[in-house]
Amino acid sequence: DVSPVVAGLIGATVLVVSVSVTVFVWTCCHQQAEKKHKTPPYKFIHMLKGISIYPETLSNKKKINRIRRDKNGTPKETGRGNLLVDAAESGLIGSDKAPDGPNAVPHVNQLPIKVDYGDELSPDQSLTPGGSKTSSPSSPGDDVMLGELTFSVDYNFPKKALVVTIQEAHGLPVMDEHTQSSDPYIKMTILPDKRHRVKTRVLRKTLDPVFDETFTFYGIPYSQLQDLVLHFLVLSFDRFSRDDVIGEVMVPLAGVDPSTGKVQLTREILKRNIQKCISRGELQVSLSYQPVAQRMTVVVLKARHLPKMDITGLSDPYVKVNVYYGRKRIAKKKTHVKKCTLNPVFNESFIYDIPVDLLPDISIEFLVIDFDRTTKNEVVGRLILGAHSITAGGVEHWREVCENPRKPVAKWHSLSEY
């Protein structure tokens, strides 16, 4: 006996409630799926003498290094067994290096640039792609032996895990003139996707380091091993400037068969080939110098052909602009983040007060960085213009800017690997 109007209202109410519940459930499921996709599609365990270490790559927070202390509360050295995964960044290693040594950051007296001088060059902040100091006669060269690296490769079939053990290195060159030694550590990357990036601890004052560190990478099918390449980058830690790059080792797994057991390899450390790394896309920037106002205008225009950094096949890039006087960073600024694009358009300008007489010692570094909310932001590539530019295009661009005052000079540049 219900009237058609009442029946219609009841039916509409039921329909609205049903649709609302369905949309709510779908939204919750979609958010859960997004959270799962945002986590890295792999995981690894770092073993140091039988102790599991989970590096900072798996979380947004850096690991806190712990040093064993005796009953009196004083730090106690434990030799090679210390869990120093991120000692280069935390500063626990290398704290006894004198600031007045040959590797110290040069002190600038009465620098007339109107910027904040509070930020100093840290190990993570770069200035030259090679990473080694041009003034050091001990830097690796074509006629200098760079030593050998010994490591082993194994595969765990039940867990579908690739196991790489970095054992030791021998005959490394001297990178620190003050101590006539080096502070070596190794960064390892699995190419070509570069998602598996790990590093060893730093060993102080040695040219024959023994690491004995095992990295286990899960979720790698055995059928894909033939397409992977292990890249070892050997560096020497420097607390007061950029770490020195000693050399690199490239090992294609196509020639390694770990199916029958652990395969131990020894490879010669070669000088790093900068040219092979220039495949990180391109960046267009414009520079203009006003000699009367003594100001440098830097415009970040756009980028193109950036590599895919996210699991969606896209990136969220932004550009960080660092200005250096010699080796000291004196200013830093960054653009806005451009979401989900490999060809971002920025069109953002920055103005710096730079006297004319300081131009020969000024370098401008552009870091293209992929923004990530859940993990650490990753550097896509970089460009250096000015005193420390090593590419012909960068040198030519800076020369045109200095020779043509008040004229904006815009050019495309290939990005090199960070």
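Is Asn347 buried or exposed? With a relative accessibility of 54%, Asn347 counts as exposed (over 50% relative accessible area; buried is under 20%, partly exposed in between, with a 1.4 Å probe and protein chains only). Asn347 sits in strand E15, and its phi is positive, about 55°, even though it is not a glycine.

A word on the model: it is predicted, with local features needing pLDDT of at least 70 and side-chain atom pairs counting only at pLDDT 80 or more, while totals for chains, interfaces and linings use all residues. Residues are numbered from 1 along each chain as its sequence is written, and side-chain values use heavy atoms, leaving out hydrogens and water.

Strand E15 belongs to an open, antiparallel sheet of four strands, ordered E15-E12-E11-E18 (helices, H or I, of at least four residues and strands, E, of at least two are DSSP runs numbered from the N terminus; two strands pair if DSSP finds at least two bridges between them). At the edges are E15 (345-353) and E18 (409-414), each pairing on one side only. From one strand to the next, the twist averages 20° (angles run from 0 to 180 degrees between N-to-C directions, with axes fitted to C-alpha atoms, for helices over the stretch in contact). Seven bridges link E12 (residues 295-304) to E15, and Lys302 has Val345 as its bridge partner in E15. Helix H3 (residues 392-403) packs on the sheet, touching E11, E12 and E18 (contact means heavy atoms within 4.5 Å).

Over in strand E11 (residues 282-290) lies Ser288, which is buried at 7% relative accessibility. Its contacts beyond four places in sequence include Arg295, Val401 and Pro408.
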